[in-house]
Amino acid sequence: MTEISRVTRSKDEAKANYDKISRWYDFIEGVWEKKATEAGLAKLAVKEGERVFEIGFGTGHSLVALAKSVGASGKVCGIDISSRMFDITSARVRAGGLKARVELMLGDAVELPYENDFFDGVFMSFSLELFDIPEIPMVLGECKRVLKKGGRICIISLSKAGGPCLMRELYEWGHKRFPRFLDCRPIFVREALKGVGFQCCDINTPTVLRMPVEIVLAINPD
Ligand SMILES: C[S@@+](CC[C@H](N)C(=O)[O-])C[C@H]1O[C@@H](n2cnc3c(N)ncnc32)[C@H](O)[C@@H]1O
């Protein structure tokens with residue numbers, strides 16, 4: 001198994017980068033990521049009345065979809081490190097008339113200010129691969145802690161799984177060369193989830209920009 005790359009940019013650099021690209025992020029999201037994100041939302045299959053959490057909500061399209069799925073009796077909480085992403089998503093939530101069922105937070109997702117066994121579901125779309133190697137089990141451990149027993153987590157991420165892939169090698173070269181700008185990089189999603197005790201139960205591996213992506217649904221057995 002080949003090693004995954006380190007993330008060498010700082011959190012302040014991540015924040016500055018996502019603040020800067022927030023205005024045109026919808027283009028990236030709409031063109032490349034939308035299909036995979038929608039497939040992940042379908043896998044998580046959020047029901048009315050549930051409490052759901054999204055990490056790295058970006059411009060808020062999935063967060064709004066989750067808020068519609070939980071209905072007026074449910075709740076969606078989200079965290080993002082970028083204040084501009086926070087503002088765009090807040091405006092989208094207000095415009096959708098969903099403010100009463102949504103709670104947004106600005107911050108780093110390595111520590112979550114929620115009690116144990118709080119959420120029915122956790123959603124992460126193209127955000128787990130932004131955390132450095134030691135942080136991935138920390139973030140997933142926090143997700144497991146705040147999820148109820150039997151709670152679901154759906155992760156969509158660039159993937160290092162499978163055979164050689166030229167496009168992925170080129171991308172990883174770019175990640176090492178421009179770590180502040182290309183801060184995502186492919187990771188092993190299933191192994192990361194299993195490593196903190198999740199049970200993976202539904203996995204898809206489509207491609208985005210000819211690079212493998214894992215869409216993994218897992219359950220918290222504890
Ligand atoms: C690649 S974007 C994905 C956005 C959205 N999930 C989507 O699929 O369109 C990653 C998002 O994660 C946020 N992010 C990056 N590092 C973070 C951290 N340490 N904690 C919380 N959010 C973070 C960024 O600000 C950005 O909005």
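This is a predicted model: local features need pLDDT of at least 70, side-chain atom pairs count only at pLDDT 80 or more; totals for chains, interfaces and linings use all residues.

Residues are numbered from 1 along each chain as its sequence is written, and side-chain values use heavy atoms, with hydrogens and water left out.

Around the ligand there are 20 residues, of which G56, D80, D108, A109 and S125 come nearest; a residue counts as near if one of its heavy atoms lies within 4 Å of the molecule. D108 places a polar side-chain atom 2.9 Å from a ligand nitrogen. For A109, a backbone N or O atom is 3.0 Å from a nitrogen atom of the ligand, and for S125 a polar backbone atom is 2.8 Å from a ligand nitrogen. On its own the ligand has 600 Å² of accessible area, and the protein covers 98% of this (Shrake-Rupley method, 1.4 Å probe).

Helix 1 (11–21) and helix 2 (25–44) each give at least two residues to this shell, and helix 2 gives the largest share, three residues. Helices here are DSSP runs of H or I with at least four residues, and strands are runs of E with at least two. By class the shell holds nine nonpolar, five polar and six charged residues; Asp, Glu, Lys and Arg count as charged, and Gly is among the polar ones.

The ligand takes up the space of the largest pocket, since more than half of a molecule's atoms must lie within 2 Å of the grid points for it to sit there. A pocket is an open set of points on a 1 Å grid over the protein atoms alone, where a 1.4 Å probe fits, with protein on both sides within 12 Å along at least five of seven lines; lining residues have an atom within 4 Å of a point. The volume of the largest pocket is about 950 Å³. Its lining has 46 residues, and Y18, Y25, E33, F126 and C184 are closest to the centre. Helix 2 supplies the largest share of that lining, seven residues.

The second largest pocket holds about 230 Å³ of space. Eleven residues line the second largest pocket, with I4, I133, I136, F188 and A192 nearest its centre.

Key: A polar contact is a pair of N or O atoms within 3.5 Å; within protein, one must be able to donate a hydrogen and the other to accept it, and residues adjacent in sequence count only if both atoms are side-chain atoms. Grid points are joined across faces, edges and corners, and a volume is the space filled by probe spheres set on the points.
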